[in-house]
Amino acid sequence: MSAQRPREIAVRILTQHARTGLFLDTLLERELAEQPLSAADRRLCQELVYGVVRWRATLDWLIARKTDNPPQPQKLQDILRIGLYQIFWLDRIPDHAAVHETVELAKRLGLTAQAGFVNAILRSYLREAPATRQLLQDLQITAPHLGWSHPEWLVRRWLDRWGPDRTRQLLHWNNTPARNYGRVNHLKTTTADILRRWRSEENVECDVFRRDWFDDELVYELRRHPPLAKMPSFQDGWFYVQDPSTLLAVWSLQVRPGQRILDTCAAPGGKTTYIAQLLRNQGRILARDNDPERLEMLRENCQRLGVTCAEIQPTDASLPDWARAGFDRVLVDAPCSNTGVLRRRVDLRWRLQGDDLQRMPATQLQLLRQTAPHVRLGGLLVYSTCSLEPEENEQVVRAFLQTVPGFALEHERILLPFVDGVDGAYVARLRRKA
Ligand SMILES: C[S@@+](CC[C@H](N)C(=O)[O-])C[C@H]1O[C@@H](n2cnc3c(N)ncnc32)[C@H](O)[C@@H]1O
């Protein structure tokens with residue numbers, strides 16, 4: 001196969017994504033594995049794909065202003081989006097190069113007849129660039145769902161709840177590329193050793209990241225690093241990549257060595273492996289999930305991180321199960337709408353539907369109800385999500401407390417990106433009365 005250019009690959013991924021609905025990460029991984037691109041071209045391809053999906057509504061608004069019959073056929077629309085994204089969002093590509101490359105791209109992809117149309121729209125925006133930049137800024141105030149490229153129903157509910165300033169901070173957060181954080185795995189190394197290895201052998205630049213829900217010198221922001229999966233320290237299981245918000249649920253569990261812990265929705269294991277670390281592998285974790293592929297990831301992660309205290313079991317936790325009881329700690333890290341992690345999963349905002357927030361709580365409540373009997377008297381049940389929505393958080397917990405006797409709410413907390421500087425997360429700790 002002849003070498004392909006990053007913009008061509010980006011259009012192909014975007015078109016496939018629109019046609020098949022496959023996850024962007026999957027498509028990117030597949031395409032980039034097949035193409036011999038330089039590191040810079042890979043970065044450009046990734047940036048175009050993620051950027052265009054993230055800013056889709058704003059880009060389409062720009063395109064619609066200049067065309068009579070929006071939207072254009074998929075491939076043409078994607079080419080225009082890529083052109084405009086380079087002009088208004090990517091500083092490092094000179095404007096004229098962005099136009100030239102995009103027009104050539106249209107020709108190479110068989111749209112020779114439309115190349116003049118692409119050229120006309122992009123050049124017209126180049127002429128009006130300062131005014132358009134101002135227009136885009138105004139749009140963030142007058143129509144934030146378009147100005148910040150989010151579903152309108154979601155922005156409306158956030159505005160009702162938090163008002164314009166905080167909502168804007170959240171929308172900005174969601175459109176900012178996510179940072180990578182490594183949690184040091186003390187089952188395999190010490191903080192001093194991994195820092196030495198990162199800096200001297202692996203050319204990593206990192207900063208310690210501290211919050212009140214985990215120990216100091218545990219989490220590091222990886223500001224510069226080689227591809228994570230290729231780092232020997234990653235392969236050796238010296239660290240796990242996760243957002244610091246995910247550690248709050250485990251902190252709430254109050255883990256002590258020797259305990260028996262049930263982790264009902266465990267895959268791919270970010271929390272299971274941290275629980276094992278706090279247990280110092282002394283105690284038992286029963287780690288369950290109902291998704292075979294994710295269970296495989298859980299297995300690999302436990303093995304890589306040296307977790308020896310976990311038994312992994314495929315289980316549908318929404319069904320009754322009387323076989324196991326008497327756990328000191330039970331974690332229900334429930335499937336949810338994921339509205340707290342939209343910056344990490346850029347295509348998710350377009351998959352979300354308003355009725356997800358009616359559908360998910362029933363599943364979440366069912367998981368809590370079926371899991372509750374496994375907690376020993378006096379033990380703890382922690383419920384967590386990465387949703388910002390009350391329907392999936394406090395309302396589920398209230399519905400549980402009203403219908404299942406014998407539990408008391410001990411602690412509840414929501415992490416908000418614009419307050420805590422981490423992804424969104426909700427955690428409630430309930431104690432089973434002795
Ligand atoms: C938020 S994710 C869990 C993330 C995990 N705790 C971690 O920290 O890496 C939710 C998980 O619930 C699992 N799940 C969904 N429905 C389930 C069910 N009925 N029984 C068991 N697991 C379920 C999903 O497969 C998914 O892995």
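Q: What is the handedness of the crossing of H6 and H7?
A: This is a predicted model, in which local features need pLDDT of at least 70 and side-chain atom pairs count only at pLDDT 80 or more, while totals for chains, interfaces and linings use all residues. Residues are numbered from 1 along each chain as its sequence is written, and helices (H or I, at least four residues) and strands (E, at least two) are DSSP runs numbered from the N terminus. A crossing is left-handed if the near helix is turned anticlockwise from the far one by less than a right angle, and right-handed if clockwise. By that rule, the crossing of H6 and H7 is right-handed.

Q: Which residues of H6 and H7 make the contact?
A: Contact requires C-beta atoms, placed from the backbone, to lie within 7 Å. By class, the contact of H6 with H7 has 7 nonpolar, 2 polar and 3 charged residues, where Ala, Val, Leu, Ile, Met, Phe, Trp, Tyr, Cys and Pro count as nonpolar, Asp, Glu, Lys and Arg as charged, and the others, Gly among them, as polar. From H7 come Ala115, Val118, Asn119, Leu122, Arg123 and Leu126, and from H6 come Asp95, Val99, Thr102, Val103, Ala106 and Lys107.

Q: Which residues come nearest the ligand?
A: A residue is near a molecule if its C-beta atom, placed from the backbone, lies within 6 Å of it. The shell around the ligand divides into 6 nonpolar, 6 polar and 7 charged residues, and helix H14 (270-279) and strand S6 (284-289) each supply at least two of its residues. Of the 19 residues around the ligand, those that come nearest are Cys265, Gly270, Asp291, Ala317 and Asp333.

Q: Is Ser149 buried or exposed?
A: Ser149 lies in the loop between helix H9 (144-147) and helix H10 (152-174), and has a positive phi of about 55° although it is not a glycine. A residue is buried if 20 or more other C-beta atoms lie within 10 Å of its own, exposed if 12 or fewer, and partly exposed in between, with C-beta atoms placed from the backbone. Because Ser149 has 24 C-beta neighbours inside 10 Å, it counts as buried.

Q: What is the omega of the peptide bond from Ala267 to Pro268?
A: Pro268 lies in the loop between strand S5 (260-263) and H14. The peptide bond that joins Ala267 to Pro268 is cis, with omega near 5°.

Methods
Contact = placed C-beta atoms within 7 Å.
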